[in-house]
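This report covers domains, a chain interface, a sheet and a helix pair. The structure is shown first.

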Amino acid sequence: MQKTLVIDYEKCTGCRLCEMVCSVKHEGVNNPLRCRINIAKWETKGLMVPMVCRQCEDAPCIAACPTNARLRDEELGRVIVNYDRCIGCKTCVIACPFGAINWDPYAKKVISCDLCDGEPLCAKFCETGAIRYIDSSTANKSQQREAAEKLYESTKAAAEAVR
Amino acid sequence: MALNRKIAYIDLTTGKIETKPISVKMRKIFIGGRGLDAYLMYNHIKPGVDALSPDNVAFISAGLLVGTLASASARTHVAAKSPLTGYFGSTNMGGFFAPELRFAGFDHLVIKGKAAKPSYLWIHNGEIEIRNASKIWGKGVRDTQEALREELGDKDIKALTIGIAGEKMVRYANVMTEIKNAGGRTGMGAVLGSKNLKAIAVRGTMDIKIAHPMEALEYDKKIISQVTAAKVSQEQGRLGTLFIWGATNSQGLVRARNFQLNQLEESDAIEPEEFEKHSFGMTGCYGCQVHCRGKYIIPDGEYKGIYDEGPEYTSIGAWAAEPDCRDITTVLAANHLVNDYGMDTIETGSMIAWAMELYEKGILTEKDTGGLDLSFGNKEAVIEMIHRIARRQGLGDILAEGPLRAAKKIGKDSIKYQIHVKGMSNLQSDERPTPSLALGVATASRGSDHLRSRPAIDLYHLPEPVLRQIYSQPAPYEGPLTSEYTDYEGKSWMVFWQEQCYMAVDSLGICKYHTIFLGPNFPNFQEWSKLIYYNTGLEMSPLDIWDAARRATTLERMFNIREGLTRKDDWLVDRYFDEPTKLGIPIIRGRTIDRDKLHKMIDEYYGFGGWDENGVPKPESLKKMGIDKEPTHLL
């Protein structure tokens, strides 16, 4: 069973604890530049969206890497970096459609989510349910049920309106 | 590391900026945040200065654990001599400003003098610039922050700002950050306004090194679970502080019609669950899993479609119960207006309710109000008065002066209807049935206040052994403790203990909802000792933290004494003693505070602090705490 990080931005409160625990776990420091997850915020709208690597199957970062430093780890279903090959050219940073690869200016290396080797701390600390680490094949189920419920309600409302 | 953040001295008159390290020794003596600010205030503010003159000094700080893995450690503290009370002015606020200040390399800012023209500070990675704010002067709180992000070209900038109320020096103007993180009470926004300082924009990307990262992660998770497992946290996370209003109004522990009633009857339309219908989720401060702020869009009326956050316990108190209005839109709109004007909810609401009672009694007439019908229940008048106060128009200009100055200007016997302590309005709660809460309000260092020493868990009727478990450490206590909240016995110690507890969290930068405020099983001194060690490497025992808090609360007291405060200022208005509560559950009806018993509690409370019968710290107590030589000017 492969697991994936599922983000429900409607549940995100924007507290950035995910950023903090990510940075401390990987680097021993808290620094929003040095974490592998970031929350994009629109304060005046109350919109908060955690942005993190989607571990793409056909990853643009892997395709773009000129030194084959990025590769897939099929066991955990993630994209990893071989830092022996990485030349720090930042092509992957630009190639990622989600902007999920950060450049750490202190360590001078690209950083992106490594799923904490199978126990992602962001999901462990997030009690709101905005970040969950669940079976990839069932990741859509709760969303599917919610959509189904809305569909049912709207059909019922339409039927009542006609009557 | 978390201990290497600096202090900066900024002189707005001369433009001179100096930075200094903060020694570990000073950390151990005063911790940081509000604790170290108490030291700085006592050292930098000359006695008797006019609070709105360039001689006043403003202090802005982040607590010691801000930006570390200490749950809900997001607090910013702002202090100065208060233009409202003339005594110790202070405010403690959540959000994201304090962590950003630390990422930018600073823990404390000392702001002196007055800028020649509207200015703002731009602080980034160890650098501080004073910049021209003429383009943003006149803007509301949220537009100011957006304009700063635009001008400086960084969407992640956090700013602490004043709104129009601060510019107009309304004596209870707030400092604000983000949409609704409000640094209220005591008028810190007016102080920044008087200095021509519109905002402080910060952005930082400097490491905060965690001393023992793996232990800190594990311990933080434990603390978070300890807090979020409690039902009160879950209610906070669903309804915010509104849930407290629901719980206390049903008993008769709130204020309505300017303290004439202790309950808002027929309140179905404004119960917390009604607000929940308009909320589309919750938001919270940095690193906090309680997330106590609702996100809402104003559903109708003049402000339809505007996004804001909250409302809070005080919003229902100020915009519904006190003016006797039962309208959700009014509460949401008023909450939005004070947030954007940058003005204190408690004080603004109390001043309007007071004016309404004066209007009812015929002390104010339509001539004074500029034709406005200030009858209780007139929701349009509430909204209109918020505008007039913030912009200092007509009667609003008088009410903007705060309880004592406004009563002096209006004259007659208007002061009789003011519900204040030390010239600051009381929270929209009624303490007549609860002597412990009344003592806290009477003696709080920043004037009438519920966040400086209130033993809120006294309302839970906890068994005496549970109380003893909480209140007999880290400092030993063997005196009486009583479960009944209408009792006077043992309450003075609870207030004294809570005062040190709150000083400690305010110095560490942790939110009060993560200590013994609403929940009896929440973290306190024992847990903080570990949090400090894992995150900063500093070794402080629970008793060391207690002692540091004692020094800081004592220095706040000495500041007040130096400004002329006496025992008679630690007192409630006559209505607490002479008018019994009329409504509520049987145990709460017919209650007043007993003058003699309150005096006895005050004696005991002074005694615990090592103060004499006039409330002045005794020389030997100061010596014992190591603060007998203050001011020592070490920072």
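The sections below describe a predicted model, starting with the domains of chain B.

## Domains of chain B

The domain assignment divides chain B into domain 1 (6–203), domain 2 (230–425) and domain 3 (435–625). Between the C-alpha centres of domain 1 of chain B and domain 3 of chain B the distance is 27 Å. These two domains touch: 40 residues of domain 1 of chain B are in contact with 32 residues of domain 3 of chain B.

On the side of domain 1 of chain B that touches domain 3 of chain B, at least two residues each come from α1 (24–30), α2 (33–44) and β5 (88–93) of chain B. The most are given by α2(B), with seven residues. By class, this side of domain 1 of chain B has 20 nonpolar, 15 polar and five charged residues.

Strand β2 (residues 29–30) of chain A pairs with β13(B) in the antiparallel sense, over two bridges. In this pairing A:Asn30 is opposite B:Ile208 of β13(B).

## The six-strand sheet

Chain B has an open sheet of six strands in the order β8-β7-β12-β9-β10-β11, and the pairing is mixed. At the edges are β8 (127–132) and β11 (181–183) of chain B, each of which pairs on one side only. From one strand to the next the twist averages 20°. Helix α4(B) packs on the sheet, where α4(B) touches β7, β9, β10 (175–177) and β12 of chain B, and its direction makes about 135° with that of β9(B).

Within the sheet, strand β12 (residues 197–203) of chain B is largely enclosed by the rest of the structure, because seven of its seven residues are buried. Strand β7 (residues 119–124) of chain B pairs with β12(B) in the parallel sense over six bridges, and B:Leu121 stands opposite B:Ile200 of β12(B). Strand β9 (residues 158–161) of chain B pairs with β12(B) in the antiparallel sense over four bridges; here B:Thr161 is opposite B:Ala199 of β12(B).

## A helix pair in chain B

Two packed helices are described by the angle between their axes and the distance between the axes. The axes of helix α12 (residues 328–341) of chain B and helix α15 (residues 379–390) of chain B come within 10 Å and cross at roughly 0°. An angle under 35 degrees counts as roughly parallel, so α12(B) is roughly parallel to α15(B).

From α12(B) the contact takes B:Thr330, B:Ala333, B:Ala334, B:Leu337, B:Val338 and B:Tyr341, and from α15(B) it takes B:Lys379, B:Val382, B:Ile383, B:Ile386 and B:Ala390. The contact of α12(B) with α15(B) has nine nonpolar, one polar and one charged residues.

Definitions and conventions: Residues are numbered from 1 along each chain as its sequence is written. Chains are lettered from A and ligands numbered from 1 in the order in which they are written. This is a predicted model: local features need pLDDT of at least 70, side-chain atom pairs count only at pLDDT 80 or more; totals for chains, interfaces and linings use all residues. Domain bounds come from an automatic or database domain assignment. Two residues are in contact if their C-beta atoms, placed from the backbone, lie within 7 Å. Ala, Val, Leu, Ile, Met, Phe, Trp, Tyr, Cys and Pro count as nonpolar, Asp, Glu, Lys and Arg as charged, and the others, Gly among them, as polar. Two strands pair if DSSP finds at least two bridges between them. A residue is buried if 20 or more other C-beta atoms lie within 10 Å of its own, exposed if 12 or fewer, and partly exposed in between; C-beta atoms are placed from the backbone. Axes are lines fitted to C-alpha atoms, for helices over the stretch in contact, and angles run from 0 to 180 degrees between N-to-C directions. Angles under 35 degrees count as roughly parallel, over 145 as roughly antiparallel, 65 to 115 as roughly perpendicular and the rest as oblique.
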